[in-house]
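Here is a short report on one protein model, written for reading beside the structure. Keep the viewer open and follow the residues as they come up.

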Amino acid sequence: MGATAGKKKHAFIVCASHEVDLADSLITLLQYWGFEEAVHYRRDPWGAGGKDYLNDLRNKLLNADLVILLLSREFQWSKYCQAEAGLATTLDPEKLLIVVLPPSGEDDIKTISPILHTFKHLFADPRTFAEDLRSKVARVLRTVLPDRCSLETALEAELSETIEAYSLTPSKKEPLLIWPCITGEVEGQPAQHSIVQSIKKSLRNKQQVTELIFVGVSLKFSLVLITQALEEFSDGGRVSQPKTLSIELVHMDDQSHILQEDALDDPIDIKNIRDNFYRDWPGTLRRWEKACELGSVKLTPPRQHWIDYIPPRIGILIDGQTLFAGRCSFPHRGDAFQLFAGERPYFFYTLLDSHGKKAIEEFKDYLRVYRKANHNGVVLAPEEDWLRRLQFPLECDPSVREMTLISKSGGNFRRLVKCAIDKGISINIYLQNPRGSRKLKERIETFRGGVYADFRSRNAGSEHKEPRWFWFNHLATYRAALVGAAALGIQMYRHDPDGVPRILDLQDTGSAPVKSVPISLDTRGSKLCLIATRYSSQFEHLKKQLVEDFVKEAGVIEALAGMFAHKGDRGPGAV
């Protein structure tokens, strides 16, 4: 052994509970090398024998010839380690050995224990740690230590296991700052208060632009918080220098397949989206504009992104510096699921630490995805439901001023036409010319008479224009409804064979006449029904091919003027 004559030597080890096994290996080796006593605390706040913890700690440190601090990432979260490190710094620096345990490195010392940053430290490499420790102990004991032994090998093995354990699992106490939900159900509403005050603080600062980005499902809580923040700010006076407010909103499309009956069956969020961004949107915008005017803030037109998928990241980003990050969840509701967003806790991040920087950068990456319409698709709608879904933009979207319908006889569109007439929306109706088909002509006359009655009862004495009527001469293959620039609905037709063969005369080719495959002019709507909203990557493409190019085709002719008055109207099929 390396024991020396004279005063007995003492060693004290400061470690977190995760490094107890490593500390025990150190104690065994130090005692072999010549320390009479080598100990570490077992985290009893009052110490052994009921002694006062701080007094006992002070005595042990003052009597120690060597104090080893095992500086790991868990050291940061231990109030005992921090207290012991603080007292240790009052000792002679030559008595201190600060051992940094990977994966922590030199740059992490300021975060783990700022008070130790200026002291010398040893990076714990299992390949060299025993030899480095040997050099330090030899100086403290002022003696030559015995040759390498198995205890050093055991220490290095224990160090390797400790490092590996830290590398396999994240820290058990990462700095996660969490606000409760933003629904207003929590007493004191701390999350809402923090968001509102953060917005007001940004409006008061010296930056020229305040940027607010909200991502959610229906944003039913977020819009209220924006309104509250702006009105509270305007009540407090005006800004002292020019300020511009930019608001960007990302939320789900009410037409999203995921929210419909055949998927999540989420009528609550569908209604909230329609209420927030159709029915109530003009009023919300007026309140924002009024509050900004009173506070001398210039409000730029809010940017909206409607997405047809559940956003994997939701939250509120203020000036790119403060993030309230939330998540969606799906609690059971009988055999179905509910979609929760604002009802769940929110994590709070800022740019002041590495975790916050990473979280904010990740949120911005998701924003880049949300902003691209090519990630939105076309909705497959049930046959019995697709026309009802198209009615909502007609009823709620103030930007819709015109509707174009393409159909064989138009009867299925009666409800849409009535809704458009009630709203004073211009209507263009394209129907198949019923030449030679009394049945089709009767259907068209019935539809036309109903439209005429609706128009006269709703617009008697008004200046609203009558619907415009057009005929096309080719066989109808689909019916379509283009609702302004808001949505396009498409239903493919299927043509049922009638069992009566047609004779194809092929004399011009020198062949004998042959029987054709049976074909009928009778068509029915198929189960293939599609809806593309303005936010779909396919909307413009489908609109051009199925509507705009269609109405330009040869053989599409506008019906005679004055059709409703039946003056000079020779009826469909006469053109």
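Helices here are DSSP runs of H or I with at least four residues, strands are runs of E with at least two, and both are numbered from the N terminus. By that numbering, S256 sits in the loop between strand 8 and helix 9. The model is predicted, not experimental.

Start with S256. Is S256 buried or exposed? S256 has a relative accessible area of 0%, so it is buried, the cut-off being under 20%. Not counting residues up to four places away in sequence, S256 touches D308, Y309 and V379.

D265 lies in the loop between strand 8 (243-252) and helix 9. D265 is not a glycine, yet its phi is positive, at about 55°. Its relative accessibility is 28%, so D265 counts as partly exposed.

Most residues other than glycine have a negative phi, and most peptide bonds are trans. With that in mind, look at S296. Its phi is positive, near 60°, and S296 is not a glycine. S296 lies in the loop between helix 10 (281-294) and strand 9 (297-299). At 30% relative accessibility, S296 is partly exposed.

Which two residues does a cis peptide bond join? They are P102 and P103, with omega at about 10°. P103 belongs to the loop between strand 4 (96-100) and helix 4 (109-112).

**Aromatic residues**

How many aromatic pairs does a search of the whole structure find? It finds 14. In one of them, the rings of W281 and W288 have centres 5.6 Å apart and planes at 85°, so this pair is edge-to-face. Both W281 and W288 are buried. One aromatic cluster is formed by F277, Y278, W281, W288, W306 and Y535.

F277 lies in helix 9 (residues 267-279). Its relative accessible area is 4%, so F277 is buried. Leaving out residues up to four places away in sequence, F277 touches S218, L219, L223, L249, H251, Q304 and W306. F277 and D253 are 24 residues apart along the chain, and their C-alpha atoms are separated by 10.0 Å.

R274 and F392 make a charge-over-ring arrangement. R274 lies over the face of F392, at 3.3 Å from the ring centre.

**Nonpolar cores**

In soluble globular proteins, nonpolar side chains tend to be buried together. In this model, the largest nonpolar core has 56 residues. Which residues have the most contacts inside this core? They are L245, L249 and W288. Helix 8 (residues 222-235) gives the largest share of this core, six residues. Apart from this core lies another, of 33 residues, among them L390, L394, M403 and I444.

W288 is in the aromatic cluster and is one of the residues with the most contacts in the largest core. Setting aside neighbours within four places in sequence, W288 is in contact with L223, I226, T227, L230, I247, L249, W281, L299 and P302.

**Helices**

| Helix | Number of residues | C-alpha span | Expected span |
|---|---|---|---|
| Helix 15 (539-551) | 13 residues | 17 Å | 18 Å |

The buried residues of helix 7 are A191, Q192, S194, I195, V196, I199, K200, S202 and L203.

Helix 15 reaches close to its expected span. Where does helix 15 bend? Helix 15 bends at Q545, by about 30°. F539, L542, K543, L546, V547 and F550 are buried in helix 15. An α-helix has 3.6 residues a turn, so residues three or four places apart point the same way.

Finish with S25, in helix 1 (residues 20-33). Buried means under 20% relative accessible area, and S25 is at 19%, so S25 counts as buried. Apart from its neighbours within four places in sequence, S25 is in contact with L155 and E158.

Technical notes. Residues are numbered from 1 along each chain as its sequence is written. This is a predicted model: local features need pLDDT of at least 70, side-chain atom pairs count only at pLDDT 80 or more; totals for chains, interfaces and linings use all residues. Side-chain values use heavy atoms; hydrogens and water are left out. Buried means under 20% relative accessible area, exposed over 50%, partly exposed in between (1.4 Å probe, protein chains only). Contact means heavy atoms within 4.5 Å. Rings of Phe, Tyr and Trp (its six-membered ring) pair if their centres lie within 6.5 Å; planes under 30 degrees apart count as stacked, over 60 as edge-to-face and the rest as tilted. A charge sits over a ring if NZ of Lys or CZ of Arg is within 6 Å of the ring centre and within 35 degrees of the ring normal. The expected span of a helix is 1.5 Å times one less than its number of residues. The bend at a residue is the angle between axes fitted to the seven residues ending there and the seven starting there. A nonpolar core is a set of buried Ala, Val, Leu, Ile, Met, Phe, Trp, Tyr and Cys residues joined through side-chain atoms within 4.5 Å.
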